[in-house]
Amino acid sequence: MNKLEVKNVSKSFDGKPVLKDISVELNQGELVCLLGVSGGGKTTLFNIISGLLTPDSGQVLLDGKDITNQPGNISYMLQKDLLLPYRTIEDNAALPLLLKGIKKKEARKQVSPMFSQFGLEGTQRKYPSQLSGGMRQRAALLRTYMFSKDVALLDEPFSALDTITKSSMHKWYLKVMGEIKLSTLFITHDIDEAILISDRIYLLSGTPGKITGEIIIKEPKPRCEDFNLTAEFLEYKRRILSLL
Amino acid sequence: MLPSPIEVMQAFVSEFPLLLENSVITLQEAFIGLFLGVSVGFAVAVLMDTFGLLYKAFYPLLIITQTIPSVAIAPLLVLWFGYEMTPKIVLIVISTFFPVTVGLLDGFRSADKDAIGLLRSMGANRIKVFRYIKFPSALPQLFSGLRIAAAYSVVGAVISEWLGGFGGLGVYMTRVKKAFAFDKMFAVIFLISAISLALMALVGFAEKKCMPYRNLNKKGEKL
């Protein structure tokens, strides 16, 4: 069933159209990529989904319920981890719970069992400045998870990481996502990344941004190490390039 | 005319009971004034940050309050409020709220816009955004402002005592000046500097306590 559905969303700023008639679906447990060039309106779409921006027309549905223009339903994670430098990792991760009015002690108790799952053991009392980039992204992801346990919006979350860290984060993310039954909508401009991790890819291009294609990656998961060296991979890449 | 350091030391020791008595009065004024000044500064900063119109309307006025020399308004304050503590405290409030307000306003503006957006996406209202992002982001600037305000509070107290009052280090200064007792004059100048430095050190201590996350290395040791 559809976890998240974006229906015919259009948006313009100062009379200049940015998004035109965008429809995107995310099914339970799926990882769907939104692939497009930088500045193509991807982030605008995320702000609409998370309720921070009002679309000119169209709807956002979560579990069939209209959440258009209602912040507080889905959280997102950006390339910038946005961990608060003056709070420990534990309190950063517990932030969504604190915002919901849960007491600090109780919030910490709810977060603490998740630390090992997210590979963050021993960092509870540390401050963000003491962690590496990859660890900080994990902490940011844990915070996103503490907010909405079934849908995550990720906006180029790993693009600031180096290639090697990035590839290990992909593997780790897919594993954790399966364990905690998360559905993910993932923004990226990196074609290889999209083919490696997605179940489906939406291609967003043009001005105003339109969905110009949808590609299903049939390769079963977990995908083997050298999937990106196979002929199928290159075939997917060729199709994407022709559609962008 | 210029006393030797030994004479100054001797004056300091012989006058110590009197200096102490007057310091208590000055410190009392400085603390009350500083507390009120910081509270006013905080309130003004929050209001101006919340309402953009207030910021535009009153920020220039705020700056004008700082261009008026305090020696010029102190006698007026004495005329309006008498020789007791009130005019001193009013003068200290006028001179200490400004660095706090300017520091905080700057700090609030330095808060990460994306972080505020993230909190709003999590359903945080304005008060929560203030508590979790704006206020903690402004702490470094707040403490810079506080340090200046602490120094101003002592100087402000002394100046207003000098221009009219019954007790305090400023009154003591006018007395020793009239008696041409320069050794005592220098003793009290050193005492005032020492008090200002001690107050600033106190602010520095509070700053370290409030922001343990500053200057940490990867292992969690202080740099």
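Predicted model: local features only at pLDDT ≥ 70, side-chain atom pairs only at ≥ 80, totals over all residues.
**Entry 1: the four-stranded sheet**

I started with the open sheet of four strands in chain A. I read its order as β2-β1-β4-β5, with antiparallel pairing. Then I looked for the edges. They are β2 (16–27) and β5 (65–66) of chain A, and each pairs on one side only.

Strand β1 (residues 2–13) of chain A meets strand β4 (residues 57–62) of chain A in the antiparallel sense, over five bridges. Which residue stands opposite Val6(A) in β4(A)? I found Val60(A) there.

**Entry 2: the six-stranded sheet**

I moved on to another open sheet in chain A. Its six strands follow the order β6-β7-β8-β3-β9-β10, and the pairing is mixed. Why is one side of β6 and of β10 (210–216) of chain A left without a neighbour in the sheet? Both stand at the edges with a single partner strand each, so that side of each has no neighbour.

Helix α1(A) turns up here as well. I found α1(A) lying across β3 (31–36), β6, β7, β8 and β9 (200–205) of chain A. Against β8(A), α1(A) runs at about 150°.

**Entry 3: strand β7(A)**

I then looked at β7 (residues 151–155) of chain A by itself. Is this strand mostly covered or mostly open? It is mostly covered, with five of its five residues buried.

I looked up the partners next. Strand β6 (residues 76–77) of chain A runs parallel to β7(A), joined by two bridges. Within β7(A), Leu154(A) is the bridge partner of Met77(A). Strand β8 (residues 183–188) of chain A also runs parallel to β7(A), and here I noted five bridges. In β8(A), Ile187(A) stands opposite Asp155(A).

**Entry 4: the largest pocket**

I turned to the pockets. The largest holds about 620 Å³ of space. Its lining has 25 residues, and I noted the closest to the centre: Ser167(A), His170(A), Lys171(A), Leu196(A) and Ile197(A). Two elements give two or more residues to this lining, α7 (163–179) and α8 (191–197) of chain A. Which element gives the most? That is α7(A), with nine residues. By class I recorded eight nonpolar, six polar and 11 charged residues.

**Entry 5: the second largest pocket**

The second largest pocket has a volume of about 210 Å³. I listed part of its lining, which includes Val46(B), Asp49(B), Ile116(B), Arg120(B), Arg126(B), Phe130(B) and Lys134(B). Three helices each supply at least two lining residues: α2 (16–50), α6 (113–121) and α7 (126–162) of chain B. The largest share, four residues, comes from α7(B). The classes here are five nonpolar, two polar and four charged.

**Entry 6: two positive phi values**

Last, I looked up two backbone angles. Lys181(A) is not a glycine, yet its phi is positive, near 55°. I placed Lys181(A) in the loop between α7 and β8 of chain A. Is Lys181(A) buried or exposed? Its relative accessibility is 57%, so it counts as exposed; the cut-off for exposed is over 50%.

In chain B, Phe180(B) also has a positive phi without being a glycine, at about 55°. Phe180(B) is in the loop between α8 (169–178) and α9 (182–210) of chain B. I checked Phe180(B) against the cut-off of over 50% too. Because its relative accessibility is 62%, Phe180(B) counts as exposed.

Notes: Residues numbered from 1 in each chain as written. Chains lettered and ligands numbered in written order. Heavy atoms only, no water. Pairing = 2+ DSSP bridges. 1 Å grid on protein atoms, 1.4 Å probe; cavity = no way out; pocket = protein on both sides within 12 Å on 5 of 7 lines; lining within 4 Å. Points joined across faces, edges and corners; volume = space filled by probe spheres on them. Nonpolar A, V, L, I, M, F, W, Y, C, P; charged D, E, K, R; others polar. Buried < 20%, exposed > 50% of the residue type's maximum accessible area, 1.4 Å probe, protein only. Contact = heavy atoms within 4.5 Å. Axes fitted to C-alpha atoms, helices over the stretch in contact; angles between N-to-C directions.
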